[in-house]
Amino acid sequence: MRRSFNLMNKGMVPLWQLGLAGMMNSWPEVSGRILVLEHVGRKSGAAYRTPVNYAQFGDDIYVLAAFGQKTHWYRNLLAAPETAVWLPDGRWLALAEDASDDPDRVRYVRQVLINSGFVAPMLGMHPREMSDETLDEATSMYRLLRLRRTTREASGDGPGSLAWVWLVAAVSLALAAGLLALLRRR
């Protein structure tokens, strides 16, 4: 299961860079609400970008590490909590903190799972139908992370940074269509 998610996630970041974040987040019942977390490897120092489902409550954003404390991005953010978050409205600097012991944990977990689209049901979770007690027990190993946004940042390498590709593709197609039309007339 973990490998499947890793494979899917590899395609998500380029879709964000192509400016498709709004479209991907427009049908949350299927695709879910997705953001991209930037984090630094706690051992390697390498930069990573990881798409995850999220729920927003006020200015705070909550994400779940469904594979528990073994989740690499979760451990990386605990080690270096200053992060950047790609949301449909842009790139934000944020501070990550574990919120697994928050008194409203079940409320936040439920909404993240609802916002996961097809993922929660695929894992056998039906958060709209589960009681608080059942949901709390079923997700007891999950880690809840709160992201506190601090500053909206204009970045050349974030959401929409490759949107120029669409213009190049459109111009190329128009030129190719024009050339074909000229060749057909001859």
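Two strands count as paired if DSSP finds at least two bridges between them. Helices (H or I, at least four residues) and strands (E, at least two) are DSSP runs, numbered from the N terminus. The model described here is predicted, so local features need pLDDT of at least 70 and side-chain atom pairs count only at pLDDT 80 or more, while totals for chains, interfaces and linings use all residues. Residues are numbered from 1 along each chain as its sequence is written, and side-chain values use heavy atoms, with hydrogens and water left out.

The strands form a closed barrel of six, in the order β1-β2-β3-β6-β5-β4, with antiparallel pairing. On average, neighbouring strands of this sheet are turned by 45 degrees against each other, direction ignored; axes are lines fitted to C-alpha atoms, for helices over the stretch in contact, and angles run from 0 to 180 degrees between N-to-C directions.

β1 and β2 are antiparallel and joined by seven bridges, one of which sets V36 against P51 in β2. Their hairpin has six residues between the strands, and G45 there takes a positive phi near 75 degrees. β2 and β3 are antiparallel over four bridges, and A55 has Y62 in β3 as its bridge partner. The hairpin of β2 and β3 has two residues between the strands, with G58 in the turn at a positive phi of about 65 degrees. β4 and β5 pair in the antiparallel sense over six bridges, and E82 stands opposite L95 in β5. Helix α4 (residues 105-114) packs on the sheet, where it touches β2, β3 and β6, and its direction makes about 115 degrees with that of β2.

Next comes helix α3. Its residues 72-79 include the buried W73, Y74, N76 and L77, where buried means under 20% relative accessible area, exposed over 50%, and partly exposed in between (1.4 Å probe, protein chains only). These four cover an arc of only 165 degrees around the axis, which puts them on the same side of α3; the arc is that of the directions from the helix axis to the C-beta atoms. The buried residues of α3 pack against β1, β2, β3, β4, β5 and β6, and α3 runs at about 55 degrees to β1.

A last stop is T83, in strand β4. T83 is buried, with a relative accessible area of 7%. Beyond its neighbours within four places in sequence, T83 is in contact (heavy atoms within 4.5 Å) with E38, H39, L77, W92, L93, A94 and L147. A polar atom of the T83 side chain lies 2.2 Å from the backbone oxygen of E38.

Conventions. Polar contact = N/O pair within 3.5 Å; in protein donor to acceptor, adjacent residues only side chain to side chain.
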